[in-house]
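Colleague: Please take a close look at one part of this model and describe how it is put together.

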Amino acid sequence: MTANEWSVDASEGELLVKTGVTGRAAKMGHRLTIAMTEWQATVRWSGGEPVEAEVIVDVNSLQVRKGEGGVKGLSAPEKALARSNALNSLDAKRFPQIRFHAGDIDKSDDGYLMTGTLEIHGVSNEYAVNLRVDDLGDKWRLSCEADIVQSDFDIKPYSMLMGSMKVVDTVSVSFTATRSKEG
């Protein structure tokens, strides 16, 4: 890492995915909160402004944190099954990483608009993310939320009961990290 580059990883922040449930039997399903526990974001700077950013996520680091709704609470075996189903939907063995590379970064009122390429499941699409930057004195808090449409990346949302209950095609992704201004 050089003075014109810095990195943030899972030890300094959190990357979460929230799913929904749809279909005639949706009340039986859980809305999941999934954590991606291994990721790294690298930002390159020029003249005091970010000019390029990249986020790389290890798909196999996916962990089901909690499930809301459903007929009963989400048990440990059900969390393991949900993890397995998600990894299968993402074809994690074949596509072990999710990448976002932003080569176009513009200042906004509360941070930056980062535009680039999002690659999931071997499919790349142009994508834009509004990154909020908050000054906490000796630290910066970085945060954003974005919706990802799974079918845009050739991912078939998990379903069961002959489609009566399935994961909603659009998932919500949130990122929060805190980074010291020193170094």
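Modeller: Ala 146 stands opposite Val 173 in β14. This is a predicted model, in which local features need pLDDT of at least 70 and side-chain atom pairs count only at pLDDT 80 or more, whereas totals for chains, interfaces and linings use all residues. Residues are numbered from 1 along each chain as its sequence is written, and side-chain values rest on heavy atoms, with hydrogens and water left out.

The strands come first. Strand β11 covers residues 139–149 and pairs with β14 in the antiparallel sense over 11 bridges. Two strands count as paired if DSSP finds at least two bridges between them. Strands (E, at least two residues) and helices (H or I, at least four) are DSSP runs, numbered from the N terminus. Strands of a sheet pair through backbone hydrogen bonds, either parallel or antiparallel.

Strand β11 also holds Ser 143. Ser 143 has a relative accessible area of 17% and is therefore buried, the term for under 20%; over 50% is exposed and the range in between partly exposed (1.4 Å probe, protein chains only). Leaving aside residues up to four places away in sequence, Ser 143 touches Asn 130, Leu 131, Arg 132, Phe 175 and Thr 176, where contact means heavy atoms within 4.5 Å.

Gly 13 stands opposite Ala 177 in β14. Strand β2 (residues 13–18) also pairs in the antiparallel sense with β4 (residues 30–36), over three bridges. There, Leu 16 stands opposite Ala 35 and Val 17 opposite Ile 34.

These strands belong to an open sheet of 11 strands with antiparallel pairing, in the order β1-β5-β6-β8-β9-β10-β11-β14-β2-β4-β7. At the edges stand β1 (5–9) and β7 (62–69); each has a single partner strand, so one side of each is left without a neighbour in the sheet. Neighbouring strands are turned by 20° against each other on average, direction ignored. Helix α1 (residues 76–90) lies across β4, β7 and β9 (111–120), and runs at about 120° to β7. Axes are lines fitted to C-alpha atoms, for helices over the stretch in contact, and angles run from 0 to 180 degrees between N-to-C directions.
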